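Here are my notes on the model you sent over, as numbered points. Please keep the structure open beside them as you read.

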Amino acid sequence: MKKTLLALVGTGLLFGGVAANATPEQDRLNLDKYFTNKYPDIKLDKYVYGALAFDADSMAQYDSIMDFPPFGTVIDQGQKMWDTPFKNGKTYASCFPNGGKNVAGNYPYFDDKAGKVVTFEDAINTCRTTNGEAAYKLGDPATMGKLTSYARTLSDGMLMNIKVNGAAAEAAYEKGKAQFYSRHGQLGFSCASCHVYNAGNHLRSELLSPIIGQATHWPVFRGGENLVTLQNRYVGCHKMIRAVPFAVGSEEYNDLEYFHSYISNGLPMKASVFRK
Ligand code: HEC
């Protein structure tokens, strides 16, 4: 057994927490196991709080900020955008099952016909364009960000429910996984260097959050006011390691989001939260 493991490491086939030939569900369970073994005192459902789960003081600060979030007015503006009919009289709610309630946890999904991953933001833009409106710039805080800061709250409490069915979907998932585990930038870090192997440790003054739960609570308001979408955060982390970021909405980031979100499957969503 030991020999096989060494051989796998030697050929680069073994990633920490996940294996190259594992199914998505095995990846998820392996990562769950990795973290519950390492941090037996922290229940997995606490991982939706990211780094806060590792620090009681920050968690208490979070709770008091979330009682009266300073960004409440932004979410209200997002609600107004969501409720305002398009010029043709249709609404966003008409584009989604259940009026858009409890749907965000099904995104991203793999669209077999289009042969690509579709994010919730993509679906919102399709809703706009099929109703004669211009698409928003993905990741723009003032438009798509603000709108989703409300639209995603309609799925608060929904359990993340990403599906990977069929060879093409699996290929996209695998590309996202390879993206997460491959080293980038002048500093030679992978996402996993920080959010798997060093999750729960400090990087300078920052506690590092684990991959599990990271996809459940977007957008965030950093410092209470700076709206950051999930893929904007990917850009930020790539810049931190001095790697050239991909574009928000690129195939690279959509595949990454697909893998990344799958790993949060089963955890409850809660949109628009405070982060440091
Ligand atoms: C050098 C370490 C480092 C690397 C590499 C890195 N990040 Fe981060 N990341 C951070 C720090 C620091 C934070 C802020 C503290 C935290 O929440 O983990 C952060 C935050 C995040 C968050 C927000 C978590 C939350 O709950 O608000 C996500 C999502 C994320 N990173 C994803 C990624 C992805 C995907 C990659 C690879 C493209 C990546 N990171 C690479 C250091 C890193």
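Predicted model: local features only at pLDDT ≥ 70, side-chain atom pairs only at ≥ 80, totals over all residues.

1. Let's begin with a pair of phenylalanines. Which residue is the bridge partner of Phe-221 in S9? It is Phe-274. Strand S7 covers residues 220-222, and three bridges join S7 to S9, the two strands running parallel.

2. Now step back to the sheet around that pair. Three strands make up an open sheet in the order S8-S7-S9, and the pairing is mixed. Strand S8 (226-228) and strand S9 (273-275) each have a single partner strand and stand at the edges, so one side of each lacks a neighbour in the sheet. On average, neighbouring strands here are turned by 40° against each other, direction ignored.

3. Trp-218 and Pro-219 are joined by a cis peptide bond, with omega at about -5°. Pro-219 sits in the loop between strand S6 (206-207) and S7. As background, most peptide bonds are trans, and most residues other than glycine have a negative phi.

4. The peptide bond from Tyr-107 to Pro-108 is cis, and its omega is near -5°. Pro-108 lies in the loop between H4 and strand S3 (109-111). Asn-102 is also placed in the loop between H4 and S3. What is the phi of Asn-102? It is near 50°, a positive value in a residue other than glycine.

5. On to the ligand. There are 22 residues around the ligand, and those that come nearest are Gly-50, Cys-191, Cys-194, Ser-209 and Cys-237. By class, this shell holds 12 nonpolar, seven polar and three charged residues. Which helices each supply at least two residues of the shell? They are helix H8 (191-197), helix H9 (230-240) and helix H10 (251-262). H9 gives the most, with five residues.

6. Two of those helices also pack against each other. The axes of H9 and H10 cross at roughly 110° and come within 11 Å. An angle from 65 to 115 degrees counts as roughly perpendicular, which makes H9 roughly perpendicular to H10. On the H9 side the contact is made by Leu-230, Gln-231 and Tyr-234, and on the H10 side by Tyr-253, Leu-256 and Glu-257. These contact residues divide into four nonpolar, one polar and one charged.

7. Helix H4 (residues 72-83) packs with helix H6 (residues 141-151) at an angle of about 90°, and their axes are 7 Å apart. H4 is therefore roughly perpendicular to H6. H4 brings Val-74, Ile-75, Gln-77, Gly-78, Gln-79, Met-81 and Trp-82 to the contact, while H6 brings Lys-146, Leu-147, Ser-149, Tyr-150 and Ala-151. By class, the residues of this contact are seven nonpolar, four polar and one charged.

8. H6 has another partner. Helix H5 (residues 120-130) and H6 pack at an angle of about 105°, with the axes 11 Å apart. That angle makes H5 roughly perpendicular to H6. Here Phe-120, Glu-121 and Ile-124 of H5 meet Met-144, Leu-147, Thr-148 and Ala-151 of H6. The contact of H5 with H6 has five nonpolar residues, one polar and one charged.

9. Finally, the annotation. An unreviewed UniProt entry lists residues 77-160 for "domain: Cytochrome c". Over residues 77-160 the chain is 35% helix and 7% strand. The C-alpha atoms at the ends of residues 77-160 are 26 Å apart.

How values were computed:
Residues numbered from 1 in each chain as written. UniProt positions renumbered as here; feature names shortened; annotations may be inferred. Helix = DSSP H or I, 4+ residues; strand = E, 2+ residues; numbered from the N terminus. Pairing = 2+ DSSP bridges. Axes fitted to C-alpha atoms, helices over the stretch in contact; angles between N-to-C directions. Near = placed C-beta within 6 Å. Nonpolar A, V, L, I, M, F, W, Y, C, P; charged D, E, K, R; others polar. Parallel < 35°, antiparallel > 145°, perpendicular 65-115°, else oblique. Contact = placed C-beta atoms within 7 Å.
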